[in-house]
Amino acid sequence: MHDSNLCFSCQLSVNFANITLSSLYLDINKDSLYANALDHPGRQATVAVLKTMIKVAAPILPHLTQEIYQSMYPASDSSVFLDFPWSSPDMRVAEMVAEATVHFDELLRIRSGVLALLEKARRNKEIKSSLEAEVDVILPSGDDVQGLSASLTTQQEFLQKLFIVSNVLVTDEGSFGTESPAWLYSGSVDIEIKDCDESVGLRVRPSSRLKCPRCWTYTREEARDVCERCEETLHRDHGGV
């Protein structure tokens with residue numbers, strides 16, 4: 001490998017680790033690593049990504065990745081290069097990533113709007129952590145947004161993780177009741193739907209449930225010691241609370 005290619009590869013790897021992974025991917029997935037069951041698909045997917053990063057970094061940082069490998073598998077006599085061999089990129093995966101990026105860019109635009117509202121609530125001392133809040137994503141009416149509505153509605157759990165809040169409700173303006181929360185911050189973001197810009201409404205309000213002492217999300221019902229997810233995880237991983 002030429003020196004220029006090596007420097008370029010190192011720069012790309014560092015930027016990817018510090019920006020994409022650290023400030024976004026790891027930030028939204030650390031809850032899954034800490035709180036989900038060991039065999040939970042979301043947790044296993046995150047672990048798979050971290051293992052892939054070890055494989056990518058191994059040719060550049062051989063000693064560091066070998067230390068990480070030995071920490072992960074202390075009883076192994078093998079090495080990171082034998083167990084995580086380098087392979088050529090699968091072009092089918094690259095095509096899937098390109099398609100997903102178009103959709104994900106719109107989600108990130110919505111996320112930016114949510115984060116701005118959460119920051120307002122934090123500055124006004126309504127919350128200390130974003131987990132103390134819930135988010136309403138309010139879709140515009142019309143046939144053009146039916147696909148977006150179906151897509152976001154099926155991804156409410158992922159949006160909760162993406163925004164790092166305790167709950168997300170995808171709804172329309174007419175579905176709100178008359179109950180007024182203790183505080184409320186609202187805004188909107190413009191996203192492109194079928195070559196047209198549409199405005200998606202956003203509301204940030206206090207969580208309606210209590211804090212779970214295990215995962216720290218505000219998803220616990222008053223009658224429970226922990227939230228439903230943590231209760232299921234404890235029974236699965238440890239045979240009971």
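A: One term before the numbers: accessible areas here come from the Shrake-Rupley method with a 1.4 Å probe. The model is predicted.

Q: Fine. What does the accessible surface of the protein chain come to?
A: About 15,300 Å², and 54% of that belongs to carbon and sulfur atoms.

Q: And how many of the residues count as buried, as a percentage?
A: The protein chain has 241 residues, of which 31% count as buried.

Q: Which helices and strands are there, and in what order do the elements run?
A: The chain holds eight helices and four strands. Starting at the N terminus, the order is α-α-α-α-α-β-α-α-β-β-β-α.

Q: What are the spans along the principal axes?
A: The C-alpha trace covers about 65 × 50 × 35 Å. As for contacts with a separation of 6 or more, 57% of them are between residues 24 or more positions apart.

Q: Let's do the largest nonpolar core. Which residues touch the most other members?
A: The core has 28 residues, and those touching the most other members are Ile 110, Val 135, Val 137, Leu 152, Leu 159, Phe 163 and Val 168. Elements giving two or more residues to this core include α1 (3-35), α5 (91-123), β1 (133-139) and α7 (156-163).

Q: Which element gives the most?
A: α5 does, with six residues.

Q: What does Leu 159 touch?
A: Not counting residues up to four places away in sequence, Leu 159 touches Leu 107, Leu 152, Val 168 and Val 170. There is also a second, separate core of seven residues, with Cys 212, Val 226, Cys 230 and Leu 234 among them.

Q: Back to α5. How far does α5 reach from its first C-alpha to its last?
A: α5 reaches 45 Å with its 33 residues, close to the 48 Å expected at 1.5 Å a residue. α5 has a kink of about 30°, centred on Val 102.

Q: Which residues of α5 are buried?
A: They are Glu 106, Leu 107, Ile 110, Arg 111, Gly 113, Val 114, Leu 117, Leu 118 and Ala 121. After α5 comes Lys 125, with a positive phi near 60°.

Q: Switching to α2. Which of its residues are buried?
A: In α2 the buried ones are Arg 43, Thr 46, Met 53, Ile 54 and Ala 57. They cover an arc of only 105° around the axis, so they sit on the same side of α2.

Q: And how many residues does α2 have?
A: Helix α2 (residues 41-57) has 17 residues, and its reach of 24 Å from first C-alpha to last is close to the 24 Å expected.

Q: Now Leu 162: buried or exposed?
A: Leu 162 counts as buried because its relative accessibility is 0%, and the cut-off for buried is under 20%. Leu 162 lies in helix α7.

Q: What is Leu 162 in contact with, leaving aside neighbours within four places in sequence?
A: Leu 24, Ile 28, Phe 104, Leu 107, Leu 108 and Arg 111. Between the C-alpha atoms of Leu 162 and Glu 119, which are 43 residues apart along the chain, the separation is 15 Å.

Conventions:
Residues are numbered from 1 along each chain as its sequence is written. This is a predicted model: local features need pLDDT of at least 70, side-chain atom pairs count only at pLDDT 80 or more; totals for chains, interfaces and linings use all residues. Side-chain values use heavy atoms; hydrogens and water are left out. The expected span of a helix is 1.5 Å times one less than its number of residues. Buried means under 20% relative accessible area, exposed over 50%, partly exposed in between (1.4 Å probe, protein chains only). The arc is that of the directions from the helix axis to the C-beta atoms. A nonpolar core is a set of buried Ala, Val, Leu, Ile, Met, Phe, Trp, Tyr and Cys residues joined through side-chain atoms within 4.5 Å. Contact means heavy atoms within 4.5 Å. The bend at a residue is the angle between axes fitted to the seven residues ending there and the seven starting there.
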